[in-house]
Amino acid sequence: MTLADGIWHQIFSFDNYSELLTLVRNSLIAGAALGLVGGLAGVFVIMRDLPFAVHGISELSFAGASAALLMELNIVAGSIVGSLVAAGAIGVLGARARDRNSVIGILMPFGLGLGVLFLALYKGRAANKFGLLTGQIVAVDTPQMTWLLGTSALVLVVLAVIWRPLAFASADPDVAEARGVPVRALSLAFMLVLGLTVALSVQIVGALLVLTLVVTPAAAAARVTASPVLLPLLSVVFAVVSIEGGILLAMGSSIPISPYVTTISFTIYVVCRLAGRYRTRRWGVRRSTPQPA
């Protein structure tokens, strides 16, 4: 076997594939829930220009998960605590864009440093350390599944309640505030929802690549539509396809799941960008900021 054949077999290996399907059942269910949550939250991340905040939250989520791993506690719970601390700090201290970016820039190295410290002190399996950074595929056990699905349900309920006023506040905050919409309260509420979404994403794709599920699908959808109905729908579809496709491709290989998910997600974005450019040139259709339904 040549070196190229060996690398290809390592990346794409379908030996005993049907038997391996039973091992990732929980991951597939968790991935579907995460795609739904990430796709919906990502719409507002794009509308409110918060991709940098997603990355900042993921660093403290990583620190919380690492601390839980070190203390042999529930990793999902630790990740959620870290995310909520970061999201709350960004929401309270970073009301303005300039302040927000400064707060995120301070939190990111602090969270990453804490996470590295906790992992350095952890003496367990190296795969557990690596999984927090780059994702893991078969490590979603039943207790983690309960946390993941419960948190996903909470995020969906909150988004359903605040969707319309949050969309209004995101599209035109000055007019929304003038009409009595609680813009600051909605901003903080969404930051906490975003924190929960990031914590969920870390469990599957790792802390380093959360953006590929919370930002890229919505950004891809925004390239082809500004419809307040079609945009979140496409965002969810793209996120679910990315994560489920990544799980299925990574299942039989020794490569972490994250490269597969990021490749699928990026490919979808490139296709949508080209499609949006073609539509603009062909019919003169211009994208606009999504408006509340």
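This is a predicted model: local features need pLDDT of at least 70, side-chain atom pairs count only at pLDDT 80 or more; totals for chains, interfaces and linings use all residues.
**Entry 1: Asp 49**

I looked up the backbone of Asp 49 and found a positive phi of about 55°, although this residue is not a glycine. I then asked where Asp 49 lies. I placed Asp 49 in the loop between α3, which spans 25-47, and α4, which spans 51-70.

**Entry 2: Glu 72**

I checked phi of Glu 72 and read a value near 60°, which is positive in a residue other than glycine. I located Glu 72 in the loop between α4 and α5, the latter covering 75-93. I also looked up the accessibility of Glu 72. With a relative accessible area of 73%, Glu 72 went down as exposed.

**Entry 3: Ser 61**

I turned to Ser 61, which sits in helix α4. I found a relative accessible area of 0% for Ser 61; the cut-off for buried is under 20%, so I recorded Ser 61 as buried.

Which side chain makes a polar contact with that of Ser 61? I found the side chain of Ser 83, at 3.0 Å.

I then listed what Ser 61 is in contact with, leaving aside neighbours within four places in sequence. My list for Ser 61 reads Ser 79, Gly 82, Ser 83, Val 198, Ala 199 and Val 202.

Methods. Residues are numbered from 1 along each chain as its sequence is written. Side-chain values use heavy atoms; hydrogens and water are left out. Helices (H or I, at least four residues) and strands (E, at least two) are DSSP runs, numbered from the N terminus. Buried means under 20% relative accessible area, exposed over 50%, partly exposed in between (1.4 Å probe, protein chains only). A polar contact is a pair of N or O atoms within 3.5 Å; within protein, one must be able to donate a hydrogen and the other to accept it, and residues adjacent in sequence count only if both atoms are side-chain atoms. Contact means heavy atoms within 4.5 Å.
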